[in-house]
Protein chains: 2
Amino acid sequence: MAENSPTRGCMTIKPYGFALWDNIKNALDHEIKEVGVQNAYFPVLIPLAMIAKEADHIDGFATECAVVTHHRLKMNDEGKLAVDPESELTEPYVVRPTSETIIGESVKNWIQSYRDLPMKLNQWCNVFRWEMRTRLFLRTAEFLWQEGHNVFETAEEAKSDMHLMLDIYADILENWMAIPVIKGYKTDDEKFPGAVDTMTVEAMMQDGKALQSGTSHFLGQTFSKSADIKFQSREGDFKHAWTTSWGLSTRSIGGLIMTHGDDDGLQMPPRIAPTQIIIIPFLKGDNDDKILEYCQELKQNLKQAGMRPEVDVREMRAGDKTWDWVKKGIPLRVEIGGREMEEGNCTVTRRDLGRDSKATLSTNDFVKNAQSTLDEIQTNLFDAAKKQMDERIIDADNLADARAFFTDDKQGFVRLNKSFWGTEEFDKICSDFAVTPRCVPIDTPDKVLIGKSY
Amino acid sequence: MAENSPTRGCMTIKPYGFALWDNIKNALDHEIKEVGVQNAYFPVLIPLAMIAKEADHIDGFATECAVVTHHRLKMNDEGKLAVDPESELTEPYVVRPTSETIIGESVKNWIQSYRDLPMKLNQWCNVFRWEMRTRLFLRTAEFLWQEGHNVFETAEEAKSDMHLMLDIYADILENWMAIPVIKGYKTDDEKFPGAVDTMTVEAMMQDGKALQSGTSHFLGQTFSKSADIKFQSREGDFKHAWTTSWGLSTRSIGGLIMTHGDDDGLQMPPRIAPTQIIIIPFLKGDNDDKILEYCQELKQNLKQAGMRPEVDVREMRAGDKTWDWVKKGIPLRVEIGGREMEEGNCTVTRRDLGRDSKATLSTNDFVKNAQSTLDEIQTNLFDAAKKQMDERIIDADNLADARAFFTDDKQGFVRLNKSFWGTEEFDKICSDFAVTPRCVPIDTPDKVLIGKSY
């Protein structure tokens with residue numbers, strides 16, 4: 001899916017991982033367009049002075065940026081390529097860690113009156129935050145994401161938009177990626193720098209750690225004031241707008257891997273899988289052409305029925321192919337040899353149920369039922385993850401119980417009365433065990449969830 | 001479509017421009033996947049030492065890079081946000097101007113034997129080249145593109161791949177964007193730094209200047225040697241691979257604007273237009289709901305027939321709406337008022353033919369014929385541009401005629417015998433009139449085209 005790159009802290013996303021990201025992108029892009037969001041593109045380099053405009057924002061991001069200070073390389077006296085000291089910029093640029101500031105600078109000119117609102121913009125792009133300890137997909141200096149930036153007339157509309165976008169993230173994560181999430185509010189210490197409210201969809205990985213899988217922020221008038229985004233209101237006077245921002249990144253792929261992986265590797269939720277069904281021909285030199293033809297025909301039939309099948313025609317041992325696709329987590333594996341072909345059959349194995357599910361069935365029946373089998377696998381993956389998460393959310397009546405949970409090194413989240421948040425012992429538990437408040441769930445607004453996180 | 005951004009030399013691509021880019025992307029992405037290309041993603045920052053590996057490549061790019069030298073900002077003694085001098089990097093990074101080097105570093109580990117070849121990779125991304133004199137879409141410091149990087153066993157395969165990818169570009173430009181192009185080879189002085197051969201699709205803008213609209217390079221073993229991309233051959237020994245690279249960028253949008261624009265603004269070729277048909281309700285307070293319903297129904301019918309219609313429901317005067325869509329170049333404009341509705345009609349104007357084409361027809365007939373009208377507009381736009389280009393390619397028997405052409409400030413290209421290339425007077429014409437060799441066309445391999453360019 002990905003590997004560490006020669007650039008420190010950055011990853012290379014390999015074709016299989018990128019095909020997955022493309023599917024996530026397409027699903028999410030479709031949903032945001034349905035609610036009136038338009039894509040656009042803003043510069044990757046942000047002038048330092050622009051970042052400096054919003055004080056809270058700086059505190060959150062300034063310590064971890066890639067800074068462009070020169071615009072030319074040249075051969076130095078030793079004949080080595082080096083930075084040309086004469087090309088120093090009077091004003092340095094920052095490689096965007098996020099784009100609230102620069103998008104605000106453009107948008108303020110696009111908005112004159114309330115008639116121009118709401119304005120909902122999104123960009124799919126790369127962002128960069130200097131990271132020392134990196135981990136593939138979960139924490140890398142550069143990552144890919146979408147960042148949405150919406151502008152409204154009223155605070156109410158903006159707040160409701162924060163919820164709407166969070167619901168879309170929950171839908172993508174739960175119904176496409178089969179990752180159960182808890183929707184909630186971040187506590188003050190965990191908010192996005194500059195936000196009034198930050199909402200999150202928190203997932204629980206198999207090791208019981210949390211992964212913040214998408215966030216949606218109600219920014220109040222913080223950025224509309226620093227960028228001076230004003231509009232003429234229905235009453236004729238000029239007002240600062242209310243804004244939201246919302247992002248989901250390639251981090252979510254890390255969440256998928258750590259939610260559905262098992263000892264044999266990855267498990268791809270069918271709805272998002274680049275390949276849903278892999279067809280492996282077993283060739284023995286006899287009738288090989290006919291077997292391949294049979295496989296291709298099966299592929300065509302599955303494709304026509306709206307699925308994503310592939311035939312593996314590589315020059316490799318069939319056993320090695322099988323193992324390769326198991327590791328990649330293809331939901332359904334179909335094996336076809338001479339006997340299957342002659343009898344109009346195929347041998348099918350489900351990735352989620354493993355070897356025990358292996359069965360030989362009529363190819364016609366398989367084609368008829370394949371989509372519902374894929375749907376079943378999708379549901380199974382979600383249900384298993386949901387059960388595991390629910391079992392690992394432990395209620396604690398007091399901080400002593402919470403401390404005991406982490407002292408015993410138990411996996412999961414502790415659910416505590418929100419009133420404990422900010423007390424001395426609460427903070428001490430957090431620092432003793434490297435635990436953080438994950439969120440105040442929408443469903444239990446008087447509780448706070450705490451846990452370890454990625 | 002786009003505007004200058006607060007970041008010097010960079011543009012902001014506005015929603016309408018980005019929707020066009022999305023359509024170009026989708027069409028091209030589909031075609032390259034059909035020939036076996038897979039998308040992937042590589043880091044935006046390239047270590048200086050890696051860029052330095054390939055000497056010719058450096059000469060071509062080193063003078064125009066954004067260089068990252070620090071990784072932190074902090075408040076200075078005056079309380080202003082500034083670069084933290086203690087965060088200087090031991091090795092600077094360059095914001096990618098193109099990715100041959102860093103992709104080579106990864107790909108060399110992905111290739112062991114001839115069985116892994118061909119390997120065809122592409123990334124859709126942003127690139128950065130420091131530019132002093134910029135122009136929206138045509139020349140900006142940052143732009144969006146795809147860069148393809150293919151690896152082969154033999155020189156023959158790689159050369160034929162260079163042609164294949166160029167043909168795909170020609171298809172996208174001619175058949176989707178309605179921009180006629182000339183396919184040809186770049187002369188030695190105009191090649192991509194490090195390439196053995198560079199092929200180009202050259203378009204001619206309405207002012208007679210050339211726009212290099214896509215390039216495809218046969219890189220020989222230049223980059224496989226500098227990155228050490230080796231494979232075990234069919235004979236069992238290890239050989240350096242043969243590579244190509246190929247790119248098409250948001251520049252092509254500049255080409256579209258300058259090919260199809262007229263006094264009234266843009267003209268969008270239907271096949272690539274974000275909106276193909278705009279429906280404008282003429283509301284007078286009478287029957288407004290019914291008129292809007294009629295418009296929405298028409299939209300649904302056109303959509304079901306596979307077209308991209310929109311209804312303009314903005315609070316604006318209908319005349320202002322009309323003018324807005326004319327400027328945006330929507331191929332077909334449909335106006336519907338109370339009378340049209342009652343008679344089951346609509347009033348349709350073609351953007352390419354203007355006011356004279358305005359006609360009231362039965363809405364049913366319009367729906368039936370709209371797709372073929374769009375096809376006709378597509379063809380018309382291409383034919384008009386092709387005719388204009390062909391008329392402006394002038395044959396010159398000698399350099400004196402070529403000089404006369406540019407002295408008279410005529411618009412277009414001069415076609416000369418290739419043997420003139422590199423002569424003293426040839427070079428002098430080029431420098432006297434800021435003219436460059438555009439290409440040696442495939443169709444006339446003994447000729448060279450020269451002209452002014454963007």
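This is a predicted model: local features need pLDDT of at least 70, side-chain atom pairs count only at pLDDT 80 or more; totals for chains, interfaces and linings use all residues.
1. Residues are numbered from 1 along each chain as its sequence is written, with chains lettered from A and ligands numbered from 1 in the order in which they are written.

2. In chain A, helix α12 (residues 399-407) packs on helix α13 (residues 424-433) at an angle of about 0°, the axes being 10 Å apart. Axes are lines fitted to C-alpha atoms, for helices over the stretch in contact, and angles run from 0 to 180 degrees between N-to-C directions. Helices (H or I, at least four residues) and strands (E, at least two) are DSSP runs, numbered from the N terminus. The angle makes α12(A) roughly parallel to α13(A) (under 35 degrees).

3. The contact (C-beta atoms, placed from the backbone, within 7 Å) involves A:Leu399, A:Ala402, A:Arg403 and A:Phe406 of α12(A), and A:Glu425, A:Phe426, A:Ile429 and A:Phe433 of α13(A).

4. An open sheet of 11 strands in chain A has the order β3-β9-β10-β16-β13-β12-β11-β24-β25-β23-β22, with mixed pairing. Strands pair if DSSP finds at least two bridges between them. At the edges, β3 (38-39) and β22 (393-395) of chain A each pair on one side only.

5. Strands β11 (residues 182-185) and β24 (residues 436-441) of chain A run antiparallel and are joined by 2 bridges. A:Tyr185 has A:Val440 as its bridge partner in β24(A).

Key: Angles under 35 degrees count as roughly parallel, over 145 as roughly antiparallel, 65 to 115 as roughly perpendicular and the rest as oblique. Two residues are in contact if their C-beta atoms, placed from the backbone, lie within 7 Å.
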